[in-house]
Every structure is written in structure tokens, then in C-alpha cells.
Amino acid sequence: MRAALALASRGLGNTWPNPAVGCVIVRDGQVVGRGWTQPGGRPHAETEALRRAGVAARGATAYVTLEPCSHHGRTPPCCNALIGAGVARVVAAMRDPDPRVDGRGFDMLRAAGIVVDEGLLEAEARAVNAGFARRITLGLPLVTLKLATTLDGRIATAAGESKWITGPAARREAHAMRARHDAILVGSGTVLADDPDLTCRLAGAAPVRALRVVADARLRTPVTARLVATARVHPTILATVPGHPPSALAPYQEAGVEVIKVARGAEGMAMRGLLGALAQRGVTRVLAEGGAGIAAALLREGLAQRLAWFHAPGVMGGDGQPAAYPLPVETLASMPRFRRTASRPLGPDWLTEFEAEGE
């Protein structure tokens, strides 16, 4: 099952709207087939593993990280494939929260005489597919807020200089994170300051291009920005609020940008509404890269489930630009809190990862 989970992780950022699943088929103590969900969400992991196993799948045990699907979509149910291949036993890490499945897959397998065991390494499997489960159950994607700051939490000088606070190793890791997410989110302030392209520039890392999303209530994004200029190559969404005249939106749309309208919130755009709109498009995992306004909005609304905090070994002082605008926090009890899950050096910098308390 650990091998199956490692295979499943290969699909993160490439399988949405489908979950990232891994499958290992074992017969007589030997691995005879392996598979993981392919880019775009199909073929499914079980289908791939069965194809590689061939006739050796008969009488074998299939270890799969998620309950095999039992419904017809663009492909036949994986349960039918496992039954047809003559698999004797299925060990699954977790149930599929999709109401079209949710136990029905196990029922189909048992009805066909296949032994089913569930719950092996369930916590690890839930961590891999936390984004998929969150989209299905809550209608929201999993959000990782990425911050790259000095030791005292500054993202740029008072004049706006930010390239580069962290070093090459940290920046490579940031690109790897882009490859593991379905969408990259920034605010219009980041576009104005940095003119980013928000692509993964690690060779071979991301077969499926991440969706680039700009939250821009005031339509400050220049039509000449790289995100707009490359929108026909890399899918791009400009999220704004209602009320702008069609003539103001037309230049973005003509460049290939998808414009969506999100209701206003108490502090500008309703971030929950934006994330809900992304989930409706199948997005399961969002990497929020800034800036301070996006960070504050996510933290204020309790919408950041994970933090990836890159610390550079320097101190900028109070005149530097903060990682997040005021939330505000009036008492310590009201402060968003996280628990550390991992920490490691990246050259001279340090990456610390957190999960929100209660997740």
C-alpha cells in the first residue's frame, strides 16, 4: 500500500477533476502490475495496473489507495475491470467520498465474490486526496498558502524589491509545488509588482498545465501582462466582481483569458466564492502565491488549510512589506493557528510546512 500511495502522489496536479490514485497488484508475493491515474484523470489507476499485469492478475490481490469506482463516466467502472480480470482480493485505503461510489464499489466487489479489506493506511491516503475529498464534500478546493519571507516575515522592501529573497534551491522547490497543484492563485498586486508567468519551469514535471488565476476586483491587471499574453497557451482565469462594463472585460477575453465574476465580500472579493467557482470547474488543489492581500483574505476567512513558508536568513525590519495585510487579530485566541508537519533546509533557506488546526 505504501508503494501504491507513492504512485498516487505522482498524479497530484495532473489528474483533476479526478482523484490521484495508485494501484499495485501482487500475486504469489510478486508485484505483477502497477498503475496510477494518468494525466487528465484517465485511464484510472486500476485499469493501468491490470493492463500491465495481464493474465497474472487472476487470483491476485490489488492494493488501491481509493475505493474503486462503481459508476459509468467517460470510462467503465474500475470494479467491473477488477471483476473481469479475476482478482481475488482488493485492499483499499479509504472509501471514495463521491456519493456515486461511497461504498457501492466495495459492495459490487463483494457481490462478485472478491474479498475486500478497507482502511489500510487510511490517514496517509486521505492526506494524498485531501483536495479531492474537500471538493466533493465541501465544494471547495484544498488551499496551500505559499510564503517566501525574511525571518521577520517581510516579502519585499518598502520600494517593492523582492527578487530574490530566497535562493535557487527554494525557488526550485516552489516550482515543484506548482507541479503538484491544479491552480495557482495570485492577486492583481502581485501581477503589477512582478509580472509573473506562474508556470512550472522544471523539465517534465507537469504534463497538465496548472490553471493560473488572478483575483482582481478593480481590473488592475495590465492587458500587456505575461499572464494575459500567454493565456492561449496556459489556461488563465481573471476573477473580478460584478459591475464592470463589457468593454472593460473584452480585451482580456479577446486574449484568451476566461473572466469570471465573483460576489463582493466584506473586504473586497469574496474569497470563498472564488474558491467555490474553481471547485465547480473541477479544481481540487490551489497554491496561493500571494500577495499580502490574498494571504490576509485566506487567513481571515479560514480558507488556508496548509502553509508552505520559505524563510530566508535575513531581517528587513518594519519598513519592509508584510506577508499578510491586517486580518485583524484583536486577541491571541482569535489568531489563525497551525501545527508544523515538516521542516527542512533548502540551501541557505528553510521550508516549514503547516496544517491548520482542526484539519
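Reader: Is helix α12 mostly enclosed or open to the outside?
Author: In this predicted model, α12 (residues 292–300) is largely enclosed by the rest of the structure, because seven of its nine residues are buried.

Reader: Which ones are buried in α12?
Author: Ala292, Ile294, Ala295, Ala296, Ala297, Leu298 and Leu299.

Reader: And what comes just after α12?
Author: Gly302 does, and Gly302 takes a positive phi of about 65°.

Reader: Switching topic: which residues touch the most other members of the largest nonpolar core?
Author: Ile25, Val87 and Val90 do, in a core of 38 residues. Elements giving two or more residues to this core include β1 (22–27), β4 (89–92) and α4 (104–111). Apart from this core lies another one of 35 residues, with Val262, Met271, Leu275 and Leu327 among them.

Reader: Back to Val87, what is it in contact with?
Author: Leaving aside neighbours within four places in sequence, Val87 is in contact with Leu50, Ala57, Gly59, Ala60, Ala62, Leu82 and Ile114.

Reader: What about the sheet, what's the strand order?
Author: The order is β2-β1-β3-β4-β5, in an open sheet of five strands with mixed pairing. At the edges are β2 (30–36) and β5 (115–118), each pairing on one side only. From one strand to the next, the twist averages 15°.

Reader: Do β3 and β4 pair in the parallel or antiparallel sense?
Author: Parallel, over four bridges. Thr61 stands opposite Arg89 in β4.

Reader: Which strands does α1 touch?
Author: α1 packs on the sheet and touches β1, β2 and β3, its direction making about 145° with that of β1.

Reader: And where does α4 lie?
Author: Across β4 and β5, running at about 150° to β5.

Notes: Residues are numbered from 1 along each chain as its sequence is written. This is a predicted model: local features need pLDDT of at least 70, side-chain atom pairs count only at pLDDT 80 or more; totals for chains, interfaces and linings use all residues. Side-chain values use heavy atoms; hydrogens and water are left out. Buried means under 20% relative accessible area, exposed over 50%, partly exposed in between (1.4 Å probe, protein chains only). A nonpolar core is a set of buried Ala, Val, Leu, Ile, Met, Phe, Trp, Tyr and Cys residues joined through side-chain atoms within 4.5 Å. Contact means heavy atoms within 4.5 Å. Two strands pair if DSSP finds at least two bridges between them. Axes are lines fitted to C-alpha atoms, for helices over the stretch in contact, and angles run from 0 to 180 degrees between N-to-C directions.
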